[in-house]
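I opened this notebook page to record what I looked up in one structure.

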Amino acid sequence: MAIEILKDKCIGCGLCFKSCPYDAFEFEPYTGNKAGKVAKVNAKCSFCNQCLTACKFGAIKEKAAEAAVDLSDYKHIWVYAEQRDGKLMNVALELIGEGYRLAKEISEDTKVCALLVGDGIAHLADECYAYGAEEVILIEDPLLKNYTTDAYTKVIYDAIMEKKPEIVLYGATHIGRDLAPRIAARCNTGLTADCTRLDVKVSSYIEFAKKSTTLDTSTLDPNDPSTGIKQTRPAFGGNLMATIICPRTRPQMSTVRPGVMQKREKVAGAKGELTVIKPNIKEDDIHVKLVEIVKSAKEIVSLTDADIICSGGRGLGGPEGFKLIKEFADKVGGVVGSSRAAVDAGWIDHSHQVGQTGTTVKPKIYFACGISGAIQHLAGMQTSDIIVAINKDPDAPIFEVADFGIVGDLYKVIPQIIAEWDNAEALYDASTK
Ligand SMILES: Cc1cc2nc3c(=O)[nH]c(=O)nc-3n(C[C@H](O)[C@H](O)[C@H](O)COP(=O)(O)OP(=O)(O)OC[C@H]3O[C@@H](n4cnc5c(N)ncnc54)[C@H](O)[C@@H]3O)c2cc1C
């Protein structure tokens with residue numbers, strides 16, 4: 001998509017300037033009208049189309065995107081290293097690991113770069129290096145202390161335009177989901193949300209697509225030396241996996257949920273390159289004012305960071321069942337998760353939901369109690385290190401992914417596990433006295 005100015009109709013009145021929230025208009029000299037100038041659209045345009053209705057002279061129209069960008073101008077993989085209160089989000093470290101893997105598959109000289117945005121956050125660079133970042137791009141300014149959509153979009157967009165990364169990865173957090181689509185729209189490129197897998201080299205896909213009668217591959221060159229990634233994500237309620245490519249524009253952008261990708265082994269003391277970008281940002285660029293940050297009680301459930309999760313499903317039979325699950329979780333040092341059926345029934349808050357439309361988790365141990373193992377639930381927990389299923393139906397699909405399965409009534413099984421845990425603790429205490 002793009003905006004086109006019809007010079008013969010533009011009278012240089014500037015109405016489009018006033019309508020544009022993105023400061024995307026400039027004048028250029030023109031001898032064909034009285035004002036001696038016509039409007040010109042710059043790269044800040046986000047195609048909101050407000051100017052189309054504002055122009056009284058029919059001088060602005062939408063036009064289809066034309067010439068593809070020169071793909072070879074773009075290089076390296078960026079990971080948006082999301083931080084909050086000066087602490088890196090786990091998903092950022094996971095994506096640095098994934099970015100490193102992709103970078104090495106693309107070419108020896110492709111780097112994974114962590115993009116750090118905020119204020120007073122330079123110390124986080126070391127952690128990024130330790131988890132595999134070869135370069136840190138640091139953008140600091142007091143106006144970036146707290147996340148605001150306007151400010152972060154602007155400075156990241158400016159940095160992308162300057163450095164031209166080939167791929168940009170974001171965590172599918174609330175912030176990542178807000179930021180990534182805006183930046184993609186501004187860069188006039190594609191974004192694949194909630195990827196569960198990323199692969200390098202698109203050429204084999206092009207060969208496949210060429211056999212299709214519906215896919216237009218006429219401008220795709222399978223011998224193109226530039227790389228492309230295949231971005232895979234669940235589609236149609238998780239019943240099939242869709243592989244999406246972004247063959248004509250750059251950067252390629254994906255969001256990935258926390259817990260899906262693997263962190264690299266930490267190398268303490270690792271060092272890399274540091275690039276500092278001085279952002280061009282002023283208060284007027286930010287259209288919202290942050291008055292106060294209120295942390296909701298819901299954020300207390302941190303499923304993504306938990307080592308042990310005890311989840312309950314419809315098999316609990318009612319909201320009371322979550323008291324047992326909570327007791328179980330407290331005993332084993334875990335947090336409470338749930339299936340969507342339990343959330344939909346109003347037995348527990350959505351913040352506990354694991355699965356495709358809940359949180360994706362990857363704990364060391366996942367206990368599924370009274371959960372059947374629907375594909376949408378499995379999509380959010382099947383990469384857990386150890387899965388223990390408790391279900392009274394021996395044919396429940398959850399047993400197909402479970403490392404340990406207990407067939408039985410959870411109201412009998414869980415109290416037994418708790419009692420055994422107490423026994424084991426008592427034995428351990430006695431042996432260490
Ligand atoms: C677009 C879409 C997105 C979805 N997203 C999600 C999601 O993010 N997360 C999610 O979980 N679901 C999601 N679902 C819903 C999903 O399809 C299932 O309906 C849901 O996971 C079922 O939850 P459940 O396993 O708790 O319930 P059920 O499927 O009803 O299973 C209950 C299980 O409990 C067992 N049981 C009963 N009593 C006991 C007992 N006393 N002791 C032991 N076992 C017992 C039963 O044998 C049964 O296997 C989604 C669906 C759609 C269409």
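The entries below follow the order in which I looked things up.

**Entry 1, domains.** I noted at the outset that this is a predicted model. I then looked up the division of the protein chain and found domain 1 (2-63), domain 2 (71-285) and domain 3 (298-432). For domain 2 and domain 3, I recorded a separation of 33 Å between their centres, taken over C-alpha atoms. I next looked up the contacts between these two domains: nine residues of domain 2 meet nine residues of domain 3. On the side of domain 2 that touches domain 3, I listed three nonpolar residues, five polar and one charged.

I asked how many residues surround the ligand. The number is 29, and I wrote down G313, G315, R340, A341 and G355 as the closest. By class, the shell around the ligand holds 15 polar, nine nonpolar and five charged residues. I then looked up which elements supply at least two residues of this shell, and found α9 (340-344), α10 (375-378), β20 (386-391) and α12 (410-432). The most comes from α9, which gives three residues.

I located A379 in the loop between α10 and β20.

Conventions:
Residues numbered from 1 in each chain as written. Predicted model: local features only at pLDDT ≥ 70, side-chain atom pairs only at ≥ 80, totals over all residues. Near = placed C-beta within 6 Å. Helix = DSSP H or I, 4+ residues; strand = E, 2+ residues; numbered from the N terminus. Nonpolar A, V, L, I, M, F, W, Y, C, P; charged D, E, K, R; others polar. Domains from an automatic or database assignment. Contact = placed C-beta atoms within 7 Å.
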